[in-house]
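Trainee: I would like to learn how to read a protein model feature by feature. Could we go through one together?

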Amino acid sequence: MHWLERWLLPSKCVLSGEDSELLDISERLVESWRVPLEVCPQCCEPSPGGQVCGACLTKPPSFDRTQVGFYFEKELVDLVYGLKYQNRFAFSRILAELLMSRLQDDKVDALVFVPLHVKRRRDRGYNQAELIAQQLAKHFRIPLIGNGVERVMDTPSQTHLDAKQRHRNLKNAFKVDSSAFRGVRRIALVDDVITTGATMLQLSRAIKSHTEIEWVEAWAVAKTK
């Protein structure tokens, strides 16, 4: 039925309006987006030959692997901001589908979305990371742990902070309910965009400190260059 539906109602790019084969985003646009290559598998920063970088060898982060779909630029910015600030909920499926094509889920038992503070979630009405994670969990047929972590500090916006400020901003920002992770050993944290990795670092550190989780991956649709 899917091929018949595509034949009767061909997909249209939500940004350009042009026809698309499979997704509701133009393949021409997607092919022009840069993807992280020759990067450290742990932090996704540039590293010759795709080897673990010196920074991760010297001071390993609390997460064990990072998987990112694209660099945060061009039309992908419009998709992310459309979901995050303009209530374009359908964009969560498109973003998840874009990320799915670039993920390996073989080491993951469950997903955890990066939580928003209750005040920010109430103001926005939803958590964009949760919407993307729901799509990924459905596709990969793995559990989504929705009540395992809570953002207990209403931290200021991270947008204009450098890496050091972001880490300081997020210290003790998360509370973990260890009972939600019972029987789970390997998880992926899901967010829309990774910038410095401070959020993933603090969240994975909190989870590993309060549970028996052995392996944490950081998944994001995009990463800032």
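Mentor: Leaving aside residues up to four places away in sequence, Gln42 touches Val52, Cys56, Pro60, Pro61, Phe63, Asp64, Arg65 and Thr66. A contact here means heavy atoms within 4.5 Å. This is a predicted model, where local features need pLDDT of at least 70, side-chain atom pairs count only at pLDDT 80 or more, and totals for chains, interfaces and linings use all residues. Residues are numbered from 1 along each chain as its sequence is written, and side-chain values use heavy atoms, leaving out hydrogens and water.

Trainee: Is Gln42 buried or exposed?

Mentor: Buried means under 20% relative accessible area, exposed over 50%, and partly exposed in between, using a 1.4 Å probe and protein chains only. Gln42 counts as buried because its relative accessible area is 13%. Across the chain, buried residues make up 49% of the 225 residues.

Trainee: How do I read a sheet, and what is the strand order in this one?

Mentor: Start from pairing: two strands pair if DSSP finds at least two bridges between them. Here an open sheet of four strands runs in the order β3-β8-β7-β4, with parallel pairing. β3 (65-71) and β4 (110-113) are the edge strands, each with a single partner strand, so one side of each has no neighbour in the sheet. From one strand to the next, the twist averages 20°; angles run from 0 to 180 degrees between N-to-C directions, with axes being lines fitted to C-alpha atoms, for helices over the stretch in contact.

Trainee: How many bridges hold each pair?

Mentor: β3 and β8 pair over six bridges, with Val68 opposite Ala220 in β8. Eight bridges join β7 to β8, and there Arg186 has Trp215 in β8 as its bridge partner. β4 and β7 pair over four bridges, including the one from Val112 to Leu189 in β7.

Trainee: What covers the sheet, and which helices should I look at?

Mentor: Helix α4 (residues 75-85) lies across β3, β7 (186-194) and β8, at about 105° to β7. Helix α7 (residues 128-140) packs on the sheet too, touching β4, β7 and β8, and its direction makes about 135° with that of β7. β7 itself is mostly covered, with eight of its nine residues buried.

Trainee: How much of helix α5 is buried?

Mentor: Eight of the eleven residues of α5 (residues 90-100) are buried, among them Phe91, Ile94, Leu95 and Leu98. Their cover includes α2, β3, α4, α7 and β8.

How values were computed:
Helices (H or I, at least four residues) and strands (E, at least two) are DSSP runs, numbered from the N terminus.
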